[in-house]
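Let us walk through this structure one feature at a time. Keep the sequence and the 3D view at hand.

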Amino acid sequence: MEPIQRIHHISATVADANENLQFYRDVLKLRLVKKTVNFEDNGTYHLYFANKDADDGTIMTFFPLSSDLYGRVGAGQVRRIAFAIPRGTLPYWKNQLNTNSVSSIEDNTFGAPALFLNDPHDLSIALVESETEMKTQNILGFFGVELLSEKPDETLKQLLNEMGLQLLKVEDDYYHLEMVGTEKHKVLVNRKITKLGRLGIGTVHHIAWSVPDKSALEQFKKHFEQAAQVTAIRDRKYFNSVYFKDPGKMIYELATVGPGFTVDEPLDQLGTTLMLPEQYEDQRDEIEARLPKLK
Ligand code: ZN
């Protein structure tokens, strides 16, 4: 099997949908590229954000819950989501966060200058300076992630031997890995063994790794089925995917590149209309009435 090239998307659970939208759209200046519902629960939004061009490897998604089901960060979760910012833009972002009353600290854990901060629902975020020079300050996509595994050594082994990531260095606190795609996403495996986390508001639900197409997805499914329970292939409209748990209890998804977000609306109008999968289309009025209005 080919090495996995890049992160496909990361999905997290948050609280108020408008607080989520205002932070990622207005403070981090990502683009809302899809407004849909959780395919398993049509009373909850599923909001997709990406860089301005909605490129592969830049998709961050959220399930905003109207309940108070708060999670607890711990083993079996993505601990921190790192976005890449263009070279030299750290001062700009520091100012942008200050202006919006978001506190941040400088940190070098990812091997480059970064700002560490929390989003309005306590998700841990990093803005990491990349080597890429740009005319704008906009977020480029993911820089990488920090994983909190219940079994860091086994998580490491799977990422290296079965998914094709490369080991860059070993530190007391972290294994530093890199993905082989052009973005060179960095994956930090925290070596500290922590208590198992609990999913809910303020935690990442899963990380999806990108696979080229459905035939690659089937191959990976067959492979991982030897050691784990893997779901059937699910049609997520914008991609096909399977889910399984890594040896450290993290929920992994493998997701195909296509058909992509322009399958139901044109690129310049992404995110402007509530898009529903076919099975919910006949309930559109009730679904729209139940969901909070987005500002
Ligand atoms: Zn997903």
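**Rings, charges, metal and cavities**

One aromatic cluster is formed by Trp209, Phe220, Phe224, Phe244 and Tyr252. The model shown here is predicted. Across the structure there are 15 aromatic pairs. A pair of aromatic rings is described by the distance of the centres and the angle of the planes. Two pairs show how this works.

Start with tyrosine 48 and tyrosine 238. Their ring centres are 6.1 Å apart and their planes stand at 75°, so this pair is edge-to-face. The angle decides the label, because planes over 60 degrees apart count as edge-to-face. Now place the two residues in the chain. Tyrosine 48 sits in strand β3, residues 41-50. Tyrosine 238 is in the loop between β14 (234-235) and β15 (239-245). The pair therefore ties together parts that are 190 residues apart in sequence. Are these tyrosines buried or exposed? Tyrosine 48 has 3% relative accessibility, so it counts as buried. Tyrosine 238, at 1%, counts as buried too.

The second pair joins phenylalanine 83 and phenylalanine 142. Here the centres are 5.6 Å apart and the planes are at 15°, so the rings are stacked. For this label the planes must be under 30 degrees apart. Phenylalanine 83 belongs to strand β5 (residues 77-85), and phenylalanine 142 to strand β9 (residues 141-148). The pair thus ties together parts that are 59 residues apart in sequence. Phenylalanine 83 is buried at 1% relative accessibility. Phenylalanine 142 is buried as well, with a relative accessible area of 4%.

Next come the charged side chains. Side chains of opposite charge can pair when their charged atoms come close. How many salt bridges does a search of the whole structure find? The search finds 16.

Take arginine 87 and glutamate 131. They form a salt bridge whose closest N and O atoms are 3.7 Å apart. This pair links distant parts of the chain, 44 residues apart. Arginine 87 is in the loop between β5 and α2 (90-99). Glutamate 131 is in the loop between β8 (124-129) and β9. Arginine 87 is partly exposed, at a relative accessible area of 45%. Glutamate 131 is exposed, at 65%.

Glutamate 178 and lysine 186 have another setting. They too form a salt bridge, with the closest N and O atoms 3.0 Å apart. Both glutamate 178 and lysine 186 are buried.

Arginine 284 and glutamate 281 also meet in a salt bridge, at 2.6 Å from N to O. Glutamate 281 is partly exposed, with 35% relative accessible area. Elsewhere, salt bridges link Lys34, Lys237, Asp264, Glu265 and Glu278 in a network.

Now turn to the metal. Which residues coordinate the zinc ion? They are His9 (NE2), His206 (NE2) and Glu253 (OE), at 2.0 Å. Along the sequence, the donor residues follow the spacing H-x196-H-x46-E. Histidine 206 lies in strand β13 (residues 203-211), and glutamate 253 lies in strand β16 (residues 251-259). Histidine 206 and glutamate 253 are both buried.

Last, look for empty space. Rolling a probe the size of a water molecule over the atoms shows where empty space is left. The structure holds two cavities of 30 Å³ or more.

The largest cavity has a volume of about 50 Å³. Its lining residues are Val73, Val78, Arg79, Ile81, Asp122, Leu123, Ser124, Gly202, Thr203 and Val204. Strand β5 provides the largest share of this lining, three residues. Both β5 and β13 supply at least two residues each. By class, the lining of the largest cavity has five nonpolar, three polar and two charged residues.

The second largest cavity holds about 40 Å³ of space. The lining of the second largest cavity has five nonpolar, four polar and no charged residues.

Terms used. Residues numbered from 1 in each chain as written. Predicted model: local features only at pLDDT ≥ 70, side-chain atom pairs only at ≥ 80, totals over all residues. Heavy atoms only, no water. Phe/Tyr/Trp six-rings, centres within 6.5 Å; stacked < 30°, edge-to-face > 60°. Helix = DSSP H or I, 4+ residues; strand = E, 2+ residues; numbered from the N terminus. Buried < 20%, exposed > 50% of the residue type's maximum accessible area, 1.4 Å probe, protein only. Salt bridge = Lys/Arg side-chain N within 4 Å of Asp/Glu carboxyl O. Donors = N, O, S within 2.8 Å, 3.2 Å for Na, K, Ca; no water. 1 Å grid on protein atoms, 1.4 Å probe; cavity = no way out; pocket = protein on both sides within 12 Å on 5 of 7 lines; lining within 4 Å. Points joined across faces, edges and corners; volume = space filled by probe spheres on them. Nonpolar A, V, L, I, M, F, W, Y, C, P; charged D, E, K, R; others polar.
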